Amino acid sequence: FIYSAEDVAGLMGACDSLFSISGLRRHTMRTLIGLLVSTGLRPGEAVRLRQHDVDLNLGELTINCSKGWKRRFVPLHLSTIAALKTYCQYRNQLAPSSTSDSFFINDRGQALDIRAAGYAFNLLRSFQGFSCQNNGRRPRLYDLRHTFVCHRLLAWYEDDQHVDGLMPQLSQYIGHKKVSDTYWYIQAIPALLNIAAHRFCLPETEVINE
């Protein structure tokens, strides 16, 4: 499932509806979703981040031991850095006694795990009415990673960039060893199909000589 910008905004807005004892849960989920959308991280990579893995001065994440990589570095957009800084303020304010070194924590000040993140996301999905299914599955947290790839390609096409030449960079950024693995993330969404149609369809006036 490829989320539109409106879908993402709806999910992040729905975080305010999550039950929370301290008030931190909505900030944790909103920031987690925003980070996944803006970086294409695997959800497991995001929830395993430690505070020392998030360098907001340098604007970079350190991802350790994930899918064949001993370590990789993920640079962040300025807007993402600002959002992460805001989350740190909420985390320190609402869970001041937390001793966890995890970047994302729950209401109890403990490390957020993938099960809790997935459960909260399922609630958000229900709040937004995402009832459509793909091969028997409803939209997932992991689909934000697929969304990142498709939206990055769209942005490159809109800027008239040489997409084939940039694919190795995208592949490394999201943590793939082979570019072919990244191509599996590309979905036939209308916007990309429209670009393909304009690039590969011949003009009506062009005659093909046999």
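Q: Accessible areas come from the Shrake-Rupley method with a 1.4 Å probe, and for residues only the protein chains shown count as cover; what does the accessible surface of this protein come to, and which share of it belongs to carbon and sulfur atoms?
A: The accessible surface of the protein comes to about 12200 Å², and carbon and sulfur atoms hold 52% of it. This is a predicted model, in which local features need pLDDT of at least 70 and side-chain atom pairs count only at pLDDT 80 or more, while totals for chains, interfaces and linings use all residues. Residues are numbered from 1 along each chain as its sequence is written, and side-chain values use heavy atoms, with hydrogens and water left out.

Q: How many helices and strands are there, and in what pattern do they follow along the sequence?
A: Helices (H or I, at least four residues) and strands (E, at least two) are DSSP runs numbered from the N terminus. Here the protein has nine helices and three strands, and reading along the sequence gives the pattern α-α-α-β-β-β-α-α-α-α-α-α.

Q: How do I read the packing of helix 2 and helix 4?
A: Axes are lines fitted to C-alpha atoms, for helices over the stretch in contact, and angles run from 0 to 180 degrees between N-to-C directions. Helix 2 (residues 24-39) and helix 4 (residues 78-94) have axes 10 Å apart and pack at an angle of about 160°, which makes helix 2 roughly antiparallel to helix 4 (under 35 degrees is roughly parallel, over 145 roughly antiparallel, 65 to 115 roughly perpendicular, the rest oblique). The crossing of these two, helix 2 and helix 4, is left-handed (the near helix is turned anticlockwise from the far one by less than a right angle; clockwise would be right-handed). The contact (heavy atoms within 4.5 Å) involves residues of helix 2 including Leu24, His27 and Leu35, and residues of helix 4 including Ala83, Tyr87 and Arg91.

Q: And what is the arrangement of helix 1 and helix 5?
A: The axes of helix 1 (residues 5-14) and helix 5 (residues 114-128) come within 9 Å and cross at roughly 115°, and therefore helix 1 and helix 5 are roughly perpendicular to each other. Helix 1 passes helix 5 in a right-handed crossing. Gly10, Leu11 and Ala14 of helix 1 meet Phe121, Leu124, Arg125, Phe127 and Gln128 of helix 5.

Q: Is Thr62 buried or exposed, and which residues does Thr62 touch?
A: Buried means under 20% relative accessible area, exposed over 50%, and partly exposed in between (1.4 Å probe, protein chains only). Thr62, found in strand 2 (residues 60-66), is buried because its relative accessible area is 17%. Leaving aside residues up to four places away in sequence, Thr62 touches Leu49, Asp53, Arg71, Arg72 and Phe73. Across the 210 residues of the protein, 43% count as buried.

Q: Where do His52 and Asp160 lie?
A: His52 lies in the loop between helix 3 (43-47) and strand 1 (54-55), and at 61% relative accessibility His52 counts as exposed. The C-alpha atoms of His52 and Asp101 are separated by 8.0 Å, although these residues are 49 residues apart along the chain. Asp160 is found in the loop between helix 6 (143-158) and helix 7 (163-173), and Asp160 is exposed, with a relative accessible area of 62%.

Q: What is the phi of Asp160?
A: Most residues other than glycine have a negative phi. Asp160 is not a glycine, yet Asp160 has a positive phi of about 60°.

Conventions: Accessible areas come from the Shrake-Rupley method with a 1.4 Å probe; for residues, only the protein chains shown count as cover.
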